[in-house]
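Q: Hi! Could you walk me through this one?
A: Happy to, here it is.
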Amino acid sequence: MAETVARQKKRKERLEDILVVDCDVHVHESPKELAPYCDMPWRKALENIADVEEYYLDIPGFSPGMTWYEARFPSGHEGRRMVHTAEQMREELSEIYVDIGILFPDHLLKIAMITQADYASALARAYNTWLLDKWCSQEMGLLGCVIACPQDPEDAAREIRRYAGEPEIVGVYLPCAGLEPLWGHRKYDPIYEAAQEMDLPVLLHSVTVVHPVFPFNLHVFETEFGRHICGHTFSIMANLVHMISSGVPVRYPQLRIALTEVGISWVPFLMNRMDKEYLERRREIPILEERPSYYMKKFYYATQPVEEPENLRDLVTLMNLYDGEDQTIFASDWPHHDFDHPSKVHQIPFSNEVRRKVFGDNALRLFKIDAQGRRLNL
Amino acid sequence: MTQRKEHLVGDLSEFPENSHKVVKVGRREIGIFNIGGEFYGLPNICPHQTGPLCEGKTTTGTLVARKDNDWRFEWDYEGEIVACPWHGLEYHVPTGRCLAFSNIKVRTYKVVVEDGKVKVRV
């Protein structure tokens, strides 16, 4: 304790005096760059698209995207920043105080969407060789992750073993976007075996991809554990994001909206994610007059299935993160298997005032009823 | 309060209509915008994460939605919006108003043109 206090009294260290390892930076791999590293016949295909105009992470036959489906308005913010060489990367990372950068691809974030397995694994091999050849440099503080091609796990395992001895390869990148089945499937075991044996970490990385089922391909889960956690939560989160982005709370400002049977711990997460995206993408949702969290804080959140952290006070903290004392409503889900007895929520160390709100007063406001259950708005 | 001083930043010909560029005035970097013959100045720093706000390639209009148009997309503020090249936060150049966050406004500098010279008041 004394030590902590002493440390707090010290002046805050400056960024330039701290080692900064940046665990996700992106190299730009164009078809033209990778072509010389790629096996035939796939090299031919890469050469064929070498001069195709490049939209951000969207080249037909390389990184399938949504560019073709939507209106493109002029903007001063093209969002197409790219790093083409190791030297450029070093220079730019130094400007933002990064000492060591861990390299991930640009286009090949979408490699899992390539339908031809042999093409995908050829791309992965080409990228791995190219990355080590052109980018990785311990001297420059640029370290790489090899791509594990999900379409061909055996080949991915070979690649992991092939590069594991390279001092400048420090991990295995597992592409997540558009992946089917998900990374929990046994077919990927060779990748995990190789990574473990070679003592390399695996790093999951996704990118925006929407695809008939992804990212809701939860039907591949073999456990109710997985389905129950993700099914409820993803569904509510997706629906809520969609409602916010189409401006439901702006168009219907008097509408009261409640979310049930999702617990509450995801609320601060989603609020913060949406506010962050709003910074960059306001013009997609110009209907919003305030940041997304402003609206989310007006919704009501039912407690069940209430989280049960070791320290129940964490729930009070969680609620405070979304100004939840007036917005949280008790629910039991009785008689379902995962019902919460009110005594569990009662154990949460709320003040008496907040406890009353959560157990009843907030719900009265939501439903506009009195304590006897009589409608107040008739 | 110290008196605002006029600083010469270049000849009018260096600021063609519907263009902008960043100039240095002492230690400050200021984006000088010529929007349809009207001149505006904004600091070249975005309050979000200190990005070079005025180095956005081009000013454009932007999308807005209003109740009286059933919340449909409308293209407005043609030529008056600069987006920070780092994260795309949009600002209305003539007023310094941030579109995403109504409580954020960057300062604006008065820019005057006299005898073919462009001057900014700091």
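Q: Where does Pro305(A) lie?
A: Pro305(A) sits in the loop between strand S7 (300-302) and helix H12 (313-321) of chain A. Helices (H or I, at least four residues) and strands (E, at least two) are DSSP runs, numbered from the N terminus. This is a predicted model, where local features need pLDDT of at least 70, side-chain atom pairs count only at pLDDT 80 or more, and totals for chains, interfaces and linings use all residues. Residues are numbered from 1 along each chain as its sequence is written, with chains lettered from A and ligands numbered from 1 in the order in which they are written.

Q: Thanks! What kind of peptide bond joins Gln304(A) and Pro305(A)?
A: A cis one, with omega about -10°. The bond from Met40(A) to Pro41(A) is cis too, with omega near 0°. Pro41(A) is in the loop between helix H2 (31-34) and helix H3 (42-48) of chain A.

Q: New topic: what is phi of Asn18(B)?
A: Phi is positive there, about 60°, although Asn18(B) is not a glycine. Asn18(B) belongs to the loop between strand S1 (6-11) and strand S2 (19-25) of chain B.

Q: And the interface: how many residues of chain B are in contact with chain A?
A: 21 residues of chain B are in contact with 16 residues of chain A; contact means C-beta atoms, placed from the backbone, within 7 Å.

Q: Which element of chain B gives the most to that side?
A: S5(B), with 5 residues.

Terms used: Two residues are in contact if their C-beta atoms, placed from the backbone, lie within 7 Å.
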